Amino acid sequence: MKLIEELAQFIASNPDPRELKRALAIKMTLQGYTHAEIMNLLQVSSGFISKWKLIFIDKGLPGLTLGYRGLKPYLSAEQRQSVIEWIKQQKNCNPSLLEHYIDQAYEVTFASSQSYYTLLHEAGLSWKKVQKTNPQKDLEAVTSKKKRLAKS
């Protein structure tokens, strides 16, 4: 009965949905549900139930948790906020300038340029340049077209 109580506490702790499904499958097998009933209720396979039951017996509750927790961020939360404040103080900031600053200040180079764009976006800046006029604009052609349209 102790195992069922541990599982109930784990389920009540609101784990990740994948962990929750594992715990529910194990709890239901310990309560006497058949594999067919569990498969129907949780939409899992019989192999899933067997696999996680064996892992639970071998490792306990820690065996049900997700192993992958993601990569450690390149910048800490404080460093990230400091970079965002630095961006806001700049008159003109672009991804290459930001990359240079982060490399000099924190000795960090992001693997993807999307990380620099995300920082710029969080600081409220756009890194895209706008052209006020079309560089290939032909004033004579535009004027003659306007005249033709006005006549018709």
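**Helix packing**

Helices here are DSSP runs of H or I with at least four residues, numbered from the N terminus. The model is predicted, so local features need pLDDT of at least 70 and side-chain atom pairs pLDDT 80 or more, while totals for chains, interfaces and linings use all residues. Residues are numbered from 1 along each chain as its sequence is written, and side-chain values use heavy atoms, without hydrogens and water.

I noted that the axes of helix 2 and helix 3 (residues 35-42) come within 10 Å and cross at roughly 150°. Axes are lines fitted to C-alpha atoms over the stretch in contact, and angles run from 0 to 180 degrees between N-to-C directions. The angle makes helix 2 roughly antiparallel to helix 3 (under 35 degrees is roughly parallel, over 145 roughly antiparallel, 65 to 115 roughly perpendicular, the rest oblique). Lys-21, Leu-24, Ala-25, Met-28 and Thr-29 of helix 2 make the contact with Ile-38, Leu-41 and Leu-42 of helix 3 (contact means heavy atoms within 4.5 Å).

I then checked Thr-29, which lies in helix 2 (residues 17-30). Thr-29 is buried, at 14% relative accessible area (buried is under 20%, exposed over 50%, partly exposed in between, with a 1.4 Å probe and protein chains only). Leaving out residues up to four places away in sequence, Thr-29 touches Ile-38, Ile-49 and Lys-53.

Last, I looked up helix 5 (residues 77-89) and helix 6 (residues 95-106), which pack at about 135° with axes 11 Å apart. That makes helix 5 oblique to helix 6.

Terms used: Helix = DSSP H or I, 4+ residues; strand = E, 2+ residues; numbered from the N terminus.
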